[in-house]
Amino acid sequence: VVSVFPGPRGGAVFFGKDQSGNRVRAVADRAHICRPLQRGETWRIQGTFARHPQFGDQLHVERACPVKPDGRVVAHYITNHPAFRGIGIGAAKVARLRKAFGDGLVTLLDQRDVEKLSQVLGGECAGNLIQRWHENAGEAGVIAFLDAHGADVRLATKVLRYWPDRTLEKLQENPYRLLFLAGWPTV
């Protein structure tokens with residue numbers, strides 16, 4: 001996601017780049033996105049293109065959910081997502097991380113490898129990056145789990161509010177916990 005313009009009654013118009021690097025304008029009402037989009041995030045979206053008389057081709061979103069970034073997208077994510085502001089990591093440090101670790105950066109973040117990341121960032125900065133990475137990765141995992149099982153991904157916001165720690169593990173251990181938040185057919 002490169003830029004986001006929230007709608008007056010929920011939903012948004014947003015711009016991003018697809019896997020080929022092409023710029024895409026997307027329009028989503030609040031029924032088709034699980035939460036507001038953030039600049040820098042990676043989302044998997046499905047929909048149909050239609051031509052608008054003033055704005056040209058735009059994707060009308062039918063389903064959307066955030067996903068954990070990987071590969072070269074991770075640099076854009078860390079540099080632009082609001083969750084990573086104020087931890088002392090800017091574009092220059094992210095570029096050094098990408099140069100040092102390439103596509104292996106995501107693996108180091110997932111494995112909480114402070115030692116290796118500290119070689120480029122310093123200990124405190126590496127620790128902060130890993131902490132923020134895992135706080136945001138948890139949400140993507142819960143959304144992917146709900147999506148894979150056919151549940152409405154907007155349920156993820158409620159689930160994360162009630163079970164902020166080890167959320168995915170708790171859902172996999174006992175999916176009936178969702179009865180507190182959703183109806184029987186969903187669970």
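Predicted model: local features only at pLDDT ≥ 70, side-chain atom pairs only at ≥ 80, totals over all residues.

Q: Which side chain of opposite charge is nearest to Arg-25?

A: That's Asp-57, 10.0 Å away. Arg-25 has no salt bridge, yet it is buried.

Q: What does the Arg-25 side chain make a polar contact with, then?

A: The side chain of Gln-58, at 2.6 Å. Leaving out residues up to four places away in sequence, Arg-25 also touches others, including Phe-14, Phe-55 and Leu-59.

Q: OK, packing. Which residues touch the most other members in the largest nonpolar core?

A: Leu-37, Trp-43, Val-142, Leu-146, Leu-155 and Val-159, out of 28 residues. Elements that each supply at least two residues of this core include β2, β3 and α5. Another core, of 23 residues, lies apart from it, with Ala-83 and Trp-133 among its members.

Q: And the rings: how many aromatic pairs are there?

A: The count comes to 6. In one of them, Tyr-77 and Trp-133 have ring centres 5.8 Å apart and planes at 80°, so they sit edge-to-face. Tyr-77 is in helix α1 and Trp-133 in helix α5, so the pair ties together parts 56 residues apart in sequence.

Q: Are Tyr-77 and Trp-133 buried or exposed?

A: Both are buried. Tyr-162 and Phe-180 also pair edge-to-face, with centres 4.9 Å apart and planes at 85°.

Q: Why does Phe-180 count as exposed?

A: Because its relative accessibility is 58%, and the cut-off for exposed is over 50%. Tyr-162, at 45%, counts as partly exposed.

Note on methods:
Residues numbered from 1 in each chain as written. Heavy atoms only, no water. Core = buried A, V, L, I, M, F, W, Y, C linked by side-chain atoms within 4.5 Å. Buried < 20%, exposed > 50% of the residue type's maximum accessible area, 1.4 Å probe, protein only. Helix = DSSP H or I, 4+ residues; strand = E, 2+ residues; numbered from the N terminus. Lys, Arg positive; Asp, Glu negative; His and termini not counted. Salt bridge = Lys/Arg side-chain N within 4 Å of Asp/Glu carboxyl O. Polar contact = N/O pair within 3.5 Å; in protein donor to acceptor, adjacent residues only side chain to side chain. Contact = heavy atoms within 4.5 Å. Phe/Tyr/Trp six-rings, centres within 6.5 Å; stacked < 30°, edge-to-face > 60°.
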